[in-house]
Amino acid sequence: MLIPLLRSHLGRYRKPIAAVIALQFVQTMCTLFLPTINAEIIDNGILKGNTHYIWTHGALMLAITFLQVVFAVWAVYYSARLAMGFGRDVRSGLFHRVTSFSAQEVNHFGSPSLITRITNDVQQVQMLVLMSCTLLVAAPIMAVGGVTMALRQDIALSGLLIFVIPALVIPIGFVVYRMVPQFRTIQDRIDVVNRVLREQITGIRVVRAFIREPEEAKRFEDVNTELTAASLRAGHLMALMFPIVMVVLNVSSVAAIWMGADRIASGDMQIGSLIAFLTYLTQIIMAVMMATFMAIMIPRAAVCAERIKEVLDTPSTVVAPDTVVAPTGRGLELRHVGFHYPGAAAPVLDDVSFTVEPGQTLAVIGSTGSGKTTLLGVIPRLFDVTAGSVLVDGVDVRELDPEVLWGRIGLVPQKPYLFSGTVASNLRYADPEATDDDLWEALEIAQATDFVRAMPEGLDSPITQGGANVSGGQRQRLAIARALVRKPGIFLFDDSFSALDLATDARLRAALAPHTRDVVTVIVAQRVSTISTAHQILVLEDGKAVGLGTHEDLLEHCPTYIEIVASQHAEEAVA
Ligand SMILES: Nc1ncnc2c1ncn2[C@@H]1O[C@H](COP(=O)(O)OP(=O)(O)OP(=O)(O)O)[C@@H](O)[C@H]1O
Ligand SMILES: [Mg+2]
């Protein structure tokens, strides 16, 4: 999973990657060259008392060091740009994919997991790219170069490497192998912590109202402890790495000095060579350590890449058609519409049919859970019908250009959502070009003028995320105004009048009437008084249409409708 992700997103960075490799090569070569010059200074300068040799070669070392620093900085600069660019591209790819998702795919992953994937998971892979450019590229050059240089200093002593390298690789390999499963656990637990936290913050009022703080605190503590435990297990293993490296390094240095001392005493080797050999030994061990360090990052990044790919490779079930069909008529028609939520046994909608001409109003009534919201959802393709078809302006919605379809529809959802910003910015969501007068007109119809005027800055009054700083009824009216600003061809109101008192409800509908004269209006409502004047009323029961007609028709023929009316009359009588 990691490789395809890297391949698909690093393709456009070929040049910077080549530059990084070249820079790292020069940089590492400089590093490898220094111990050899150092050895020559010791052997030819210090031991022979040649001050001039020390000065010239010292200056050479300084120049090489300077070069090495410049190239190292340059390489890191390119690497950072490359890795951050990669992260930005993947995040943007994920974001575009997620915004194309229908409600179904979002439900499948869950928003907290999607957020973790877009932020934390991308960051892990981005980190891997950065570390690869800075460490992984240099490590093999350093290791191979180090061995070559060590051999040049003293072949006999280099035999030591045959023992040192496996002594390092085997224990570290074992540690890495044990760490891999922990990383998947960590990423999954981060998801869980996000989910619990999000649920609790969103539902804080409910938590308070039911005095569930201790239980919720415990629930959070549990998932938090699980995340900590998994991270600690990985941390404990990681803690072993450095001591292992240090033990191998020190033991092998002692061995090199011990063996080297004999060879110097017997005149087979010079002091400078031994010192250079020790430096190469350190460089080789460091290179192996860097490579194994990367080996830890790769599995974690692979887990993250898999989670990222999963999102990138999930096609939206609501796809744009290959060839779009232009509208042929006007109005809204549902033909034998059926809908199943994935995995659910029973259909939520079953054989629902109706036609609404422009200028007409269809009201939908039915008990909770009868499928009213689902019915409205299939019209703008929040999810696609599983049977039958929805026709907007005479064309199946699956054959219309989605932009055209959405542009035709003004939806006021049951749970209206406002974005952080101002009243005006929320209303202009529907139409960025709308003038202040347009906005006031929409607010006037939605019966929202009074409270917007009462706000300190009118249209520019701030709205917090989700619309938390306005009341439920105010939020509903702002959502209605937002749909009105769009001037759509089809209005879908999902229970949008429920938070309004009867008088405001009546005024709103009266003000709305002239604006819906040649558009299709579908109103989902609970109160018979809200819908009794509608041209058609659809009575839903468990997803089936059990009645369709005017108020008077239904009063004669539809037992379910009669029951609803009777129960509401009884309530009014009690009141
Ligand atoms: N995302 C979902 N996944 C699975 N089942 C769902 C989902 N959303 C709704 N349902 C089921 O579909 C049925 C109809 O839900 P819907 O929201 O359409 O009802 P409704 O008529 O709008 O109810 P209300 O009057 O309470 O708003 C319910 O029984 C519910 O359990
Ligand atoms: Mg509903």
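**View 1. Arg-198 is partly exposed because 14 C-beta neighbours fall inside 10 Å.** A residue is buried if 20 or more other C-beta atoms lie within 10 Å of its own, exposed if 12 or fewer, and partly exposed in between, with C-beta atoms placed from the backbone. This is a predicted model, in which local features need pLDDT of at least 70 and side-chain atom pairs count only at pLDDT 80 or more, while totals for chains, interfaces and linings use all residues. Residues are numbered from 1 along each chain as its sequence is written, and chains are lettered from A and ligands numbered from 1 in the order in which they are written. Arg-198 belongs to helix α8 (residues 161-202). Helices (H or I, at least four residues) and strands (E, at least two) are DSSP runs, numbered from the N terminus. Pro-112 is 86 residues away from Arg-198 along the chain, and the C-alpha atoms of the two are separated by 7.3 Å.

**View 2. Helix α3 covers residues 51-100.** The expected span of a helix is 1.5 Å times one less than its number of residues. Buried residues of α3 include Phe-71, Ala-75, Tyr-78, Ser-79, Leu-82 and Phe-86. An α-helix has 3.6 residues a turn, so residues three or four places apart point the same way. Among the elements that cover the buried residues of α3 are α1 (2-10), α2 (14-46), α5 (111-136) and α11 (271-312).

**View 3. Strand β10 (residues 520-524) is largely enclosed by the rest of the structure, because 5 of its 5 residues are buried.** Val-520, Val-522 and Val-524 are buried on one side of β10, and Thr-521 and Ile-523 are buried on the other. In a regular strand the side chains alternate between the two faces of the sheet. Two strands pair if DSSP finds at least two bridges between them. Strand β9 (residues 490-494) runs parallel to β10 and is joined to it by 5 bridges. Asp-494 stands opposite Val-524 of β10. Between β9 and β10 the chain passes through helix α18 (residues 502-512), and this β-α-β crossover is right-handed. A crossover is right-handed if, with the strands pointing away from the viewer, the path from the first strand over the helix to the second runs clockwise.

**View 4. Strand β3 (residues 361-366) pairs with β10 in the parallel sense over 4 bridges.** Val-364 is opposite Val-524 in β10, and Thr-361 has Thr-521 as its bridge partner there. β3 also pairs with β11 in the parallel sense, over 5 bridges. Gly-366 is opposite Leu-540 in β11. Because 6 of the 6 residues of β3 are buried, β3 is largely enclosed by the rest of the structure.

**View 5. Ligand 1 is surrounded by 14 residues.** A residue is near a molecule or strand if its C-beta atom, placed from the backbone, lies within 6 Å of it. The closest are Tyr-341, Thr-368, Lys-372, Thr-373 and Thr-374. Helix α12 (residues 372-377) gives the most to this shell, with 3 residues. The shell divides into 3 nonpolar, 9 polar and 2 charged residues. Ala, Val, Leu, Ile, Met, Phe, Trp, Tyr, Cys and Pro count as nonpolar, Asp, Glu, Lys and Arg as charged, and the others, Gly among them, as polar.

**View 6. His-336 and Asp-542 have a positive phi: about 45° for His-336 and near 50° for Asp-542.** Most residues other than glycine have a negative phi, and most peptide bonds are trans. His-336 lies in strand β1 (residues 332-339), and counts as exposed because it has 12 C-beta neighbours inside 10 Å. Asp-542 lies in the loop between β11 (536-541) and β12 (544-549). With 15 other C-beta atoms within 10 Å, Asp-542 is partly exposed.

**View 7. Val-452 is buried because it has 24 C-beta neighbours inside 10 Å.** Val-452 sits in helix α16 (residues 449-454). Leaving out residues up to four places away in sequence, Val-452 touches Val-423, Leu-443, Gly-458 and Leu-459. Two residues are in contact if their C-beta atoms, placed from the backbone, lie within 7 Å. Ser-231 is 221 residues from Val-452 along the chain, and their C-alpha atoms are separated by 50 Å.
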